[in-house]
Amino acid sequence: MSSTADETTIAPTTADDIGRNLTLIRDEIVDTAAKINEQELAALAAHLRQPGQVFVAGAGRSGLALRMTAMRLMHLGLSVHVAGDTTTPAIGSEDLLLVASGSGTTSGVVKSAETAAKAGARIAAFTTNAESPLAKLADVVVIIPAAQKTDHGTSVSRQYAGSLFEQVLFLATEAIFQSLWDNTDEPAEKLWLRHANLE
Ligand SMILES: O=C([C@H](O)CO)[C@H](O)[C@H](O)COP(=O)(O)O
């Protein structure tokens, strides 16, 4: 047994534990990804093809998933910024805010969407909740039918908090990137020229 600083006791973890949970997580991801409306994803992809810069915004792990998306969109040649980064400029009326929030209620994220809307920018949102304040602000919404972060003990997912949303969010944006890329003539070598050379 080991204990963490606040006295949570963690019993030894076996290979069986890990295998069972790999299967659980894989199956939840497959089931949830299959339930996404592909027309919604295509509508969001269409917004990414329009002129203008792309700004991504999300809190916590939702925001981290969108940071990965931002890198791929940059590889495709789009002008992409992450909300909150030091060099991120103001969003304008030509631009797109790509935003993700499982709950659709996280205050900083909703505030970003309100600001983008006031600036006349388009808003594309990923959320679990079609009735959320975030969804209501968005021009295009992709519903990921996963648990929200405070849906403890729900039948939708046995994983902790918003993990399933965040995992499927990542896959959904990977599918969008792959589809956009498929519809270019650009080989991987050309995209790679855009990858950071200061890392
Ligand atoms: O980091 C997160 C948390 O660990 C839930 O799994 C969330 O992504 C963060 O709290 C933002 O929440 P949402 O806006 O509801 O995605």
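How close do the axes of α2 and α6 come, and at roughly what angle do they cross?

**Before you start**

This is a predicted model, in which local features need pLDDT of at least 70 and side-chain atom pairs count only at pLDDT 80 or more, while totals for chains, interfaces and linings use all residues. Residues are numbered from 1 along each chain as its sequence is written, and side-chain values use heavy atoms, with hydrogens and water left out. Helices (H or I, at least four residues) and strands (E, at least two) are DSSP runs, numbered from the N terminus.

**Stop 1: α2 and α6**

Select α2 (38–49) and α6 (163–182). Their axes come within 10 Å and cross at roughly 55°. Axes here are lines fitted to C-alpha atoms, for helices over the stretch in contact, with angles from 0 to 180 degrees between N-to-C directions. That makes α2 oblique to α6; under 35 degrees counts as roughly parallel, over 145 as roughly antiparallel, 65 to 115 as roughly perpendicular and the rest as oblique. The crossing is right-handed, meaning that the near helix is turned clockwise from the far one by less than a right angle. Show the side chains of Leu41, Leu44, Ala45, Leu48 and Arg49 on α2, which contact Ala172, Ile176 and Leu180 on α6. Contact means heavy atoms within 4.5 Å.

**Stop 2: α1 against α6**

From α1, pick Ile25, Glu28, Ile29, Thr32 and Ala33; they meet Leu164, Gln167, Val168 and Leu171 of α6.

**Stop 3: α3 alongside α6**

Next, bring in α3 (60–75). The axes of α3 and α6 come within 9 Å and cross at roughly 10°, which makes the two helices roughly parallel. Residues of α3 in this contact include Arg61, Ser62, Leu66 and Arg72, and those of α6 include Phe165, Glu166, Leu169 and Thr173.

Zoom in on Leu66, which is buried at 0% relative accessibility. Buried means under 20% relative accessible area, exposed over 50%, partly exposed in between (1.4 Å probe, protein chains only). Beyond its neighbours within four places in sequence, Leu66 touches Val56, Ala57, Leu98, Val99, Ala100, Leu169 and Thr173. Draw a distance from Leu66 to Leu169: their C-alpha atoms are 8.2 Å apart, though 103 residues separate them along the chain.

Ser62, also in α3, is buried with a relative accessible area of 8%. Its contacts, not counting residues up to four places away in sequence, are Ala100, Gly102, Phe165, Glu166 and Leu169.

**Stop 4: the nonpolar cores**

A nonpolar core is a set of buried Ala, Val, Leu, Ile, Met, Phe, Trp, Tyr and Cys residues joined through side-chain atoms within 4.5 Å. The largest one has 33 residues, and Leu44, Leu98 and Phe126 have the most contacts inside it. Helix α6 gives the most to this core, with eight residues. For a second, separate core of 16 residues, select Val109, Ala125, Leu134 and Ala138, which are among its members.

**Last stop: Ala161**

Finish in the loop between β7 and α6, where you will find Ala161. Most residues other than glycine have a negative phi. Ala161 has a positive phi of about 50° although it is not a glycine, and this alanine is buried, with a relative accessible area of 19%.
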